[in-house]
Amino acid sequence: MPRKPPVHPNRIELLQGTLDLLILQTLQWGPRHGYGISQAIRTGSSEILRADTGSLYPALHRLERAKWIAAEWKTSENQQRVKVYRLTAAGKKQLLAERSRWEQLVQAMGGILGHEQA
Amino acid sequence: MSKRDRRLREEIESHLRMAIRDRMERGESAAEAEANSRREFGNQGLVEEVTRDMWSWTWLEQLWSDVRYGLRGMRRNPGFTAVAILALALGIGANSAIFTAVNGILLRPLGYHDPERLVVLLNHGTGPVAPANFADWKAQSRSFDNMGAAELFGPDLTGSDRPEKLSGLRVTADVLPLLGVPPAMGRFFTPEEDQPGRQFEVILSYGLWQRQFGGDENVLGRHIQLDNKTYTVIGVMPAGFQFAPFWATHTELWTPLALGPRVAKRGGNSLRVFARLRSDVTLERAREEFAAITARMERQYPGTNRDQRVVPLKEKVVGQIRPALLTLLCAVGFVLLIACANVAHMLLARSSARAHEVSVRAALGAGRARLIRQFLAESLTLAMLGGALGLLLAYWGVRAMVRFAPSGIPRLETLSLDWRVAGLTLAVSFLTGILFGLAPALQASGQSSAESLKEGGRSNTGGARQRVRGLLVISEFALSLILLIGAGLMLRSFLALQAIDPGFQQDHLLTMILSVGGTQNAAPERAQQFYQSALEHVRAVPGVLSAGMTNHLPVAGDLWGLPFWVDGRPLPHPGEEPDGAFRLALPGYLETMKIPVVRGRSIEARDTATAPGVVVINEYMAQRYWPGEDALGKRITLDNPSSSRVPTWLTVVGIVKNAVRYDWAAPPAEEFFLPYLQHTDAMGHYITLVARTKGDPASLAPAIESGIWQIDRNVTISEVQTMSAVVEGANAEARFNMALLAVFATVATLLSAVGIFGVMSYAATRRRREIGIRLALGARPTEILQLITGEGMLLALCGTAAGIAGALALTRLMAKLLYGVSPVDPLTFIAVPLLLTTVALAACLVPAFRAARTSPVTALRQE
């Protein structure tokens, strides 16, 4: 069994299926390695969202297999080999599709929640 | 570690390094940064594992890890595993064994070149052919590449240390070449050698070559003595070669047929005709042509060409055994299905116990496909282990079958497990694994993980799951019932066969064949003296009550028929003469067999060659030809009165009870007994001795044999057996089929009983809480008993109904295997379901009693 991660009071569990969207979105601004993507999600969400490595790496490899992202090995500035992912053309299409699905979901959720509040 | 694994580790380690560097830049110490980064990262091994799951190409590796996982699970549940593997092994093993038989007997080619084009030409539907017919067919047909004929030949081999009566065939020069198997040594006969006077050449089987000639490489050109004539060995056939594949299956030598002037004979049907279809002619086309030829010949020679047929050789060889094998194949298929259903039960029960584990795995990110694969890997592992054990069982099963099977089954001795069977076993095991693994896998993976986790592994009450299990029980029951009904019908049929009164008394009878072919007594006039003095010697052996001799025993041997004409009746149309089985008998034969004389007298010593011709007929013949009259004193003749010479009339002096002639179960037909001394020329150079003994007949064999050898050491004695063994041989196939079906049906019933027991136990356990509440609210234990039993019996009754419907549809297919019982025999169709329902009741009662004894307190506290 994995060790329990330390408790972060402000953390929100990622909704199932949203990690793919976040990865694709992050890579839209240029190639990144795994650590870079996790940091981008973390800082981009003001430390609220965290991509668990146990989800992030399977997701990266799955997206790579789906050919939405491509990977290559590069040497970093301090002479270390890192695996860098970038968005493919198919990935860009997928990103658009997932974005619009997400927006529909937000709208739908907002409709219901807003209605309740009124 | 594969390259891809190394890459993944490198990727993850670079992640950690970057995290550590970031933390150090933010001012943490190296040790702190490393510890925190690792903690934040989580379990590195697990991350690697779940990531690896995303690589499609590793499915084999995953399969292996799934298999290992399954094996670990099996080790934890040895009881479950053993039962499941055993059930599967029984099902798979039975299938492999029976398929071996089907493969070896029905599917495998005959061992000749292009066997599909070989045919047999038959007379009167199934019978042998007259030489002139064969000659006409051969001359007139265009559909065949080649056509040849063969005739039985049973010579005595003498001049060696071990005189021996051999089984041989006389064949025309065309027969062996048309099979397309070249001799291992030497050559075939030439057409010139297939002439009277030149026919003294012989081709040996591999077995005879090994046995009598020690596999001598220089056997070609050697001279051997067959029936006191010198033959030259010109060839040896390869090992495993068999000809003929039916009728004369134990043939060990071939000599030329040399028909000579016999070729003009339209009587004396003794030939079997073999032919090879031309490659551009279909069987239908050949049949049309053949029908035209025989129709023409029937006009020319009326009565000699009725019901002529072209039958594929393979059909002739395996046609008899096919229904039995297909029935057995069906039966083992059912057994396997039942075994699958049973293992599926067990897996379902286990999968509910494992619901919690499955939920945890699902929560950790295992997808549904992954879970299904996990379950299938486990069931496939089970199935493969079952298949391996099953192959072992099949190996033993085939050996047992070869040993205990009746001798009439063609090519049985060649049966063995081969790669085809192994391949089929593998395929069957695989399909089995999928079949019984899929339902539990789908159910287990389909359940909502949140729900199971919430329940915290408490027994789960899936209605769908219970429905599937109910259906499994119903189908198991239906299949078992069909099998049991089939076995019941075979049993009834077998009992009916056993109950047949053969018309003679089979116990305490010893029989053997004496052959004088290789002695100085081979000539008919000397042979009869020898037979008579041999009979005297045998009667003098202590323990022998009586003895007699005949040309052929009933049941065993051949059925020799002759047309006859009744005195004072209009001449029948040629070819429509009545026909009867005839036996030449020495005085004492009918008495020794205890075939009772109903009226008149038996064949006696006074019926010599010079005495008036007499005949003893059976009751059937008396009633058929002299209905309402006294047949005694009436006359028949065996000479065609329409031919010019004066017929020899035979007076009926006795009427005996009908006895079995050849087919054990055939209805009675004409049979008559002739004094041997009045027909010595009709006897071959061998005779069958029967002796009625006081004690065990087999124990007297050595004394009788040595008594005969005292008269002539060169006499060969063969087929020494008791009459009971002969009769047993005649019913061996029915007994064998019945025994196999009974074994399969028993296994099926046991498996079904285990199945219903398992399901009811599970249902009772699942409802402990409910039962506890009922009991607490005042339900009596008998009501609980009824509740649980009722539920089980409902399933059993549904299964019974389905089974009866299935059996009604299927037993019709085994009608050919049955004797004296209808395929929808009411007794069987009532008794067997009752029996099976009783078994079901017993299987339900145990869990029901257990449930009824539940203490409400413990039941409620437990949940």
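Two strands are said to pair if DSSP finds at least two bridges between them. In this predicted model, that criterion places strand S9 (residues 229-236) of chain B beside strand S8 (residues 223-226) of chain B, the two pairing in the antiparallel sense over 4 bridges.

**The strands around S9**

S8(B) and S9(B) form a hairpin with 2 residues between them, and within this pair B:Gln225 stands opposite B:Thr230 in S9(B). S9(B) also pairs with strand S7 (residues 201-204) of chain B, here in the parallel sense and over 4 bridges, while strand S6 (residues 185-186) of chain B pairs with S9(B) in the antiparallel sense over 2 bridges. The table sets out these pairings.

| Strand paired with S9(B) | Sense | Bridges |
|---|---|---|
| S6(B), residues 185-186 | antiparallel | 2 bridges |
| S7(B), residues 201-204 | parallel | 4 bridges |
| S8(B), residues 223-226 | antiparallel | 4 bridges |

**Backbone features in loops**

In the turn of the hairpin, B:Asp227 has a positive phi of about 50 degrees. B:Asn228, found in the loop between S8 and S9 of chain B, has a phi near 65 degrees, which is a positive value in a residue other than glycine. B:Asn228 counts as partly exposed because it has 17 C-beta neighbours inside 10 Å, a count that lies between the limits of 12 or fewer for exposed and 20 or more for buried.

A positive phi, of about 60 degrees, also belongs to B:Lys594, although B:Lys594 is not a glycine. B:Lys594 is found in the loop between helix H18 (589-593) and strand S18 (597-600) of chain B, and it is partly exposed, with 17 other C-beta atoms within 10 Å. Another backbone feature is the cis peptide bond from B:Phe243 to B:Ala244, with omega near 0 degrees; the place of B:Ala244 is in the loop between S9 and strand S10 (253-256) of chain B.

**Confidence**

The model scores ipTM 0.84 and pTM 0.69. For chain B the mean pLDDT is 84, and 92% of its residues reach 70 or more. Among the elements of chain B, strand S19 (residues 614-618) has the highest mean pLDDT (96), and helix H15 (residues 449-455) the lowest (49). Over residues 454-461 of chain B pLDDT stays under 50, and the model has 10 contacts beyond four places in sequence for these residues. Where pLDDT is low, the predicted coordinates should not be read in detail.

Definitions and conventions:
Residues are numbered from 1 along each chain as its sequence is written. Chains are lettered from A and ligands numbered from 1 in the order in which they are written. This is a predicted model: local features need pLDDT of at least 70, side-chain atom pairs count only at pLDDT 80 or more; totals for chains, interfaces and linings use all residues. pLDDT is the predictor's confidence in each residue, from 0 to 100. Two residues are in contact if their C-beta atoms, placed from the backbone, lie within 7 Å.
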